[in-house]
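Here is a quick tour for anyone meeting this structure for the first time. Take a look at it below, then read on.

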Number of protein chains: 2
Amino acid sequence: MTTERLVIVGGDAAGMSAASQARRTKGRDELEIVAFERGHYSSYSACGIPYWVAGDVEGPDRLIARSPAEHRSRDIDLRMRTEVTELDLAGGRVRSLDLESGAESWTGFDKLVIATGARPVRPALPGIDAPGVHGVQTLDDGRALLDTLSRATGRRAVVIGAGYIGVEMAEALLRHGFEVTVVDRSEQPMSTLDPDMGRLVHEAMTRMGITTVTGAAVTGVLTGDDGRVRAVATQDAEYPADVVVLGIGVEPETALARAAGLPLGDHGGLLTDLSMRVRGRDAVWAGGDCVEVLDLVSGRERHIALGTHANKHGQVIGSNAAGGYATFPGVVGTAVSKVCDLEIARTGLREKDARAAGLRYVTATVESTSRAGYFPGAAPMTVKMLAEFRTGRLLGVQIVGREGAAKRVDVAAVALTASMTVEAMTALDLGYAPPFSPVWDPVLVAARKAVAAVRRAGA
Amino acid sequence: MTTERLVIVGGDAAGMSAASQARRTKGRDELEIVAFERGHYSSYSACGIPYWVAGDVEGPDRLIARSPAEHRSRDIDLRMRTEVTELDLAGGRVRSLDLESGAESWTGFDKLVIATGARPVRPALPGIDAPGVHGVQTLDDGRALLDTLSRATGRRAVVIGAGYIGVEMAEALLRHGFEVTVVDRSEQPMSTLDPDMGRLVHEAMTRMGITTVTGAAVTGVLTGDDGRVRAVATQDAEYPADVVVLGIGVEPETALARAAGLPLGDHGGLLTDLSMRVRGRDAVWAGGDCVEVLDLVSGRERHIALGTHANKHGQVIGSNAAGGYATFPGVVGTAVSKVCDLEIARTGLREKDARAAGLRYVTATVESTSRAGYFPGAAPMTVKMLAEFRTGRLLGVQIVGREGAAKRVDVAAVALTASMTVEAMTALDLGYAPPFSPVWDPVLVAARKAVAAVRRAGA
């Protein structure tokens, strides 16, 4: 029996899920697995960093799903602090650099997994690299930010970007006693929602004491005599800052793949087929934050950096790389988040996405509650639903509310996957009891209103 | 223009939803609506009674969704305390009895809705009507029970039946400071779950201080010299009781329909078509707790008394009775409940249901958590999944856990409605963020294990 070698570039969620899944299928006599990770940590939850910074979670150890030693105990040769610097696909080998010793070497592979992740968008602005400006992508970033927070003499924080990471970091900084200003170029925070739903987030953030500045492009980070950040500048104003957090989002880390001539999509991510194999390649797979995924609602490729997708990709890749069979059909674009006690969720298309996909649609927005109205703790929520003109097919759902709001979006995620109409949704047999839902679940109330809107539009 | 008359028998969820929906479609010049209700209340939440008794909810007014006066203000002629005593279908009229005055009268109809609800099962046991023995079906029942609880000198309560109502009442009585014993003839409490999942409920109830006696058929209620209840007897033992609550469930109230020769199913409920029209009848509809519904998973009729279905039926009936078009496709058998902080949910088929439907299946049971394992408040939950042999089609899900467990069953309810396979479920794009879910949602963890079980069984 010959032993094949599987080489994995990137030791986080997608890469190490692939390694684990492949190892579950094939023993070390059949498959050698070598994984390279340039950082200090493997298999950690980047999504957990805002909660570590907020003090909800002890870090960084609690955020590590599986340590390098655990991986090695499963016969996965995980090489930490070792950066892959070149993919030689024709030669079937990768070049790597030991970041500690500086030694370079080549490692041959029979099968290759690219799981290089994403890097935070760091706009080329004056002062962006000044001390006191922090990203929150890696555990090292989290540690550095906590260090800055503990030493800060002032108590003013500016978050650049009002997306998921931005609003989560706003909460974290608030919890540290900072006066928080969030600056975003969009019309409303959470531009992954339609502006009418983003407005609800904006209002809630204001009530929490977070200042949100919208429609404002940051022009630079201003520094003081000590070289440290002192303010964030936009075209119209300056926002004093003792600490600045970048929450602008991430972009696929595909420099290696690009250099190797692999196919990239419009968003800079690797393009794969349904088995997560890089398009046009036989024994090269890619997954996690460095790939684009098919949006099942619009039929277009998107880039979504999310641990849950990375894990699923890894699972699929590991099965296939070990000679099994699995596919990743695509996503519907579900995302949930919270800022303090406000829950925010979305799935499917926003209005602008529907227009961009050439779809004509109607919308319905309803107010409901998380429990029967008479039950203690019943919390208000707003549900917005998009349905296709004429067919009534569900296109998207956005929810903003309190406890019990966010995960209700899952019902819509499954309905989108199944291409349900909003009329079919009104009959869904969802769990009902007074502590858990009104007699008509809020998602069904929205579906009923959407049915009426479809009828009116078609009349 | 001639004015048609719609007569509705029963003024609770199904009947009054039908009335309201019909009124939304047609004004009083086109459609006269007369509704008869024999009780003191209309449109109330029977599901809320255990929470009223527990003290979570102020009652009974808070449990009334819409008062008779509100209905009347919408041109619905709701006649309270008026019992329909005969349906003369050939003659197009109903006979009613004014329970206050004793006056009888006939009312003609063009269209008829039967929404007579359900009545609690009250086994013909010695002593079952003794003072201190209470049902919890109506608001009057709730008031009478609260009265008994406030006067009780002893502090021992026995609940007969360990289904939804039984366990909810066990919590309510516990909250009143009673020593609670629940007696049920089944192998485990919550026989709407498989016994292995019911065992988890049993164990949790024991930890809460509730004594659960299983496999025990009640033979009678024993009374003292004062004629009041003093104990509940089974074949093997006597359980002292200062108050007894009947939580055995309900059966369709279809005496009128039976006398009128309308078709009833195996469970005693009225049989309807998909438009909720009584089978074989043109202008007679039926809905709510008095009908049987199609179980979409087994293809068989079931009787499920649940306010959420009653409301949906009413909506469909009201549309159709007013000349519109709507259908109720059936149910998948979703139910959620809680006892203290334990959440209990189910949808689809149990093992015995699958066997009865002639289905061969595999099961998978997993332990997971409501949030990322490292996030504060992450609560354990057990998810059991049934999938069809070979096809891998999802057949059912049961969940027992703490906060965040019950409503996760909704994902499975939608997947069942869409006839998804467990393999398709593993790719579902469910909301993920550390405060809301582990990176693999517990339902997806179960789906992955079920996929493996299907493969093993098929090999």
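## Aromatic pairs

Let's begin with a term: rings of Phe, Tyr and Trp (its six-membered ring) count as a pair if their centres lie within 6.5 Å, and the pair is called stacked with planes under 30 degrees apart, edge-to-face over 60 and tilted for the rest. Over all chains, the structure holds four such aromatic pairs. One of them brings together Tyr51(A) and Phe375(B): the ring centres are 5.1 Å apart and the planes meet at 80°, so this pair is edge-to-face. Tyr51(A) sits in helix α2 (residues 49-54) of chain A, while Phe375(B) is in the loop between β23 (361-369) and β24 (380-388) of chain B, so the pair joins two chains. Helices (H or I, at least four residues) and strands (E, at least two) are DSSP runs here, numbered from the N terminus. Both Tyr51(A) and Phe375(B) are buried, where buried means under 20% relative accessible area, exposed means over 50%, and partly exposed is in between (1.4 Å probe, protein chains only).

A note on where this comes from: it is a predicted model, in which local features need pLDDT of at least 70 and side-chain atom pairs count only at pLDDT 80 or more, while totals for chains, interfaces and linings use all residues. Residues are numbered from 1 along each chain as its sequence is written, chains are lettered from A and ligands numbered from 1 in the order in which they are written, and side-chain values use heavy atoms, leaving out hydrogens and water.

## Charges over rings

In chain A, Arg360(A) lies over the face of Phe389(A), 3.8 Å from the ring centre. In chain B, the charged end of Arg93(B) is over the ring of Trp106(B), at 3.7 Å from its centre.

## Two copies, one surface

The same surface serves both copies, since 100% of the contact residues of chain B recur in chain A.

Contact means heavy atoms within 4.5 Å, and the contact takes 61 residues from each of chain B and chain A. Together the chains bury about 4,900 Å², 65% of it on carbon and sulfur atoms; buried area is the accessible area (1.4 Å probe) that two parts lose on being put together, summed over both. Tyr374(B), Asp429(B) and Phe436(B) supply 16% of the area that chain B buries against chain A, more than any other three residues.

## A covered helix

Which helix of chain B is mostly covered? That would be α10 (residues 409-417), with eight of its nine residues buried.

How values were computed: Lys NZ or Arg CZ within 6 Å of the ring centre and 35° of its normal.
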